[in-house]
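Hi there,

Here is the structure I promised to pass on to you. Have a look at it first, and then read on for what turned up in it.

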Amino acid sequence: MKIAIFGQYYQNDTRPIIRDIFVFFNANQVEMVVEASFLAILYQEQIVQKQYKTFATHADLDNSFDMLLSIGGDGTILRATTFVRDLGIPILGINAGRLGFLATVPQDNIDEFLQLVLDRKYTISERTLLSISCSPVIDELEELNFALNEIAVSRKDTTSMITIETVLDGEYLNSYWADGLIIATPTGSTGYSLSCGGPVLMPSVSSLVITPIAPHNLNARPLVIPDETKIELHVSGREKQFLVSLDSRIAVVDNETVLTISKTPFVINMVDINEESFLKTLRKKLLWGEDKRN
């Protein structure tokens, strides 16, 4: 088995997890290729001593990899997708963060979960992504023009609202007066969109969520739409620019730039361990069933 490893180092919190992973894979003759910057930190912190092959960009990966292991939180997985892109390499998240819905494998009993990986006792969950195109073209949004969680527009350098004219498949929907607007995938429905009052979607549904951020009109509610819908946004406001975010990547865009958002032609494959299902994660993270009456 050949596995790419990418991660974040959080002082001493992740040291035992990282060490356990490397010890387990070395003992089972797994070929590990480690992201170059992450490996440099591991050498500096003396967590590993052995020499490993490295990767630094998307071009360094190919279909010979069985999996990419992401050590950290959900943000680490979002960064991992920029390495995998359209290669189809499955991603498994080891949770070394806090609240998260993507990095589902817990720190406890890590060897048991890694053994399931070696035995290939897991399933693959295909996750929809969103891509964006701009007119006129924005260089910052050209190469990495996709997002796993959400694409959002928001105000910049002002306390004034912006206006987001929204068109779905060529038909006018609404002009949102708000701090911004979120277009979320099912994966992203448990993130920024959820904190703004959006619904939770199961990962397998073929839908997207449009969620306004602090709308001036209180009747502007989150809307679930088919994921084949082409979304066109026209943003205006008192300031000359606004922000566009693709997961954790942010670009500054001029007013009146036309943004077109649609489903990408490829998916991200997430590894699901049966013992850590999406429903179990929901119960655990949102404390469902914790009411004393249950």
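A word on naming before we begin: helices and strands here are DSSP runs, numbered from the N terminus. Please also keep in mind that this is a predicted model.

Let's start with α4. This helix is followed by Arg 120, whose phi is positive, near 55°. Within α4, the buried residues are Ile 110, Phe 113, Leu 114, Leu 116 and Val 117. They lie on the same side of the helix, because they cover an arc of only 150° around its axis. An α-helix has 3.6 residues a turn, so residues three or four places apart point the same way. And what do the buried residues of α4 pack against? Their partners are α1, β4 and β5.

Next comes the largest nonpolar core, which has 33 residues. Among those with the most contacts inside it are Ile 5, Phe 22 and Phe 25. Elements that each supply at least two residues of this core include β1 (2-7), β2 (31-35), α2 (36-44) and α4 (110-118). The biggest giver is α1, with six residues. If you click on Phe 25, you can find it touching Ile 3, Val 30, Met 32 and Leu 114, among others. There is also a second, separate core of 28 residues, which includes Cys 134, Tyr 176, Leu 208 and Ala 251.

Finally, look at strand β15 (residues 231-237). Seven bridges join it to β10 (residues 162-168), and the two run antiparallel; here Leu 168 has Ile 231 as its bridge partner. β15 also pairs with β18 (residues 258-263) in the antiparallel sense, over four bridges, and Glu 232 stands opposite Thr 260.

Enjoy exploring!

Methods: Residues are numbered from 1 along each chain as its sequence is written. This is a predicted model: local features need pLDDT of at least 70, side-chain atom pairs count only at pLDDT 80 or more; totals for chains, interfaces and linings use all residues. Side-chain values use heavy atoms; hydrogens and water are left out. Two strands pair if DSSP finds at least two bridges between them. A nonpolar core is a set of buried Ala, Val, Leu, Ile, Met, Phe, Trp, Tyr and Cys residues joined through side-chain atoms within 4.5 Å. Buried means under 20% relative accessible area, exposed over 50%, partly exposed in between (1.4 Å probe, protein chains only). Contact means heavy atoms within 4.5 Å. The arc is that of the directions from the helix axis to the C-beta atoms.
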